[in-house]
Amino acid sequence: MARNKHPEVTVERILDAAQRLFLEKGYEATTIQDIVDELGGLTKGAIYHHFKSKEEIMDAVGDRMFFANDPFKAVRGRDDRSGLEKLREAVRLHQGDAERTRMTIQAIPIVWEPRLLVEMIESNRRILTPCYLELIQEGIRDGSIHTQYPREIAELLPLLTSLWLLPSVFPATREEMRRKFEFLGDMLEKMGVPLVDGSIRALIDAFFDQIPEQM
């Protein structure tokens, strides 16, 4: 059998097709065969050579969508904003990305899967925590943030927002999720990081409204 000399091209084709189908049909309604049919000329075996499951494809699609519109990269280096303002803007950019939000909601039912949970925690530690830490430390230097725990908050934020607020991991109604978010905002403010303002609260409310009541 001839070897694929450009596996990265095949991976990108798979992710392109999967992303289109997940957004058009929904994750649950999309099968591996649908992805095969969308690609044309590729077999299930070729897909499983690169991805062990549909869940793994969804995880890779989500990562790729984040890096394609990295909100932390978008605010980095801006001299017209304080560290706190950059932190708020990064959250607004991330939460305001409609396609990524739809993908996040579709992924909620599968996040409880142990392997995906481990990968999410590792991704948070490796990618998101340094981004949060950079902006929190910048805010401390410019006086917009006042906390003695920059690293601890940078580690805690992605864990709380990506796991604790998800009803598939910690079952909760919409109102209970909103209460959790209010608690998170109050906690951060008391710790010297007043991240949550009216615009962020409105975006999060809209996000919760899109989550089915029964997950």
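Modeller: The buried residues of α2 are covered by, among others, α1 (7–25), α3 (44–50) and α4, contact being heavy atoms within 4.5 Å. The model is predicted: local features need pLDDT of at least 70, side-chain atom pairs count only at pLDDT 80 or more, and totals for chains, interfaces and linings use all residues. Residues are numbered from 1 along each chain as its sequence is written, and side-chain values use heavy atoms, without hydrogens and water.

Helix α2 spans residues 32–39, of which I32, D34, I35, V36 and L39 are buried (under 20% relative accessible area, 1.4 Å probe, protein chains only). Helices are DSSP runs of H or I with at least four residues, numbered from the N terminus. After α2 comes G40, with a positive phi near 75°.

Helix α6 (residues 83–95) has 13 residues, and its first and last C-alpha atoms lie 18 Å apart, close to the 18 Å expected at 1.5 Å a residue (1.5 Å times one less than the number of residues). Its buried residues are G83, L84, K86, L87, R88, E89, A90, V91 and Q95. They pack against α5 (71–75), α7 (98–107), α8 (114–142) and α11 (198–210).

An α-helix has 3.6 residues a turn, so residues three or four places apart point the same way. In α2, I32, I35 and V36 are among the buried residues; in α6, L84, L87, R88 and V91 are among them.

Definitions and conventions. Helix = DSSP H or I, 4+ residues; strand = E, 2+ residues; numbered from the N terminus. Buried < 20%, exposed > 50% of the residue type's maximum accessible area, 1.4 Å probe, protein only.
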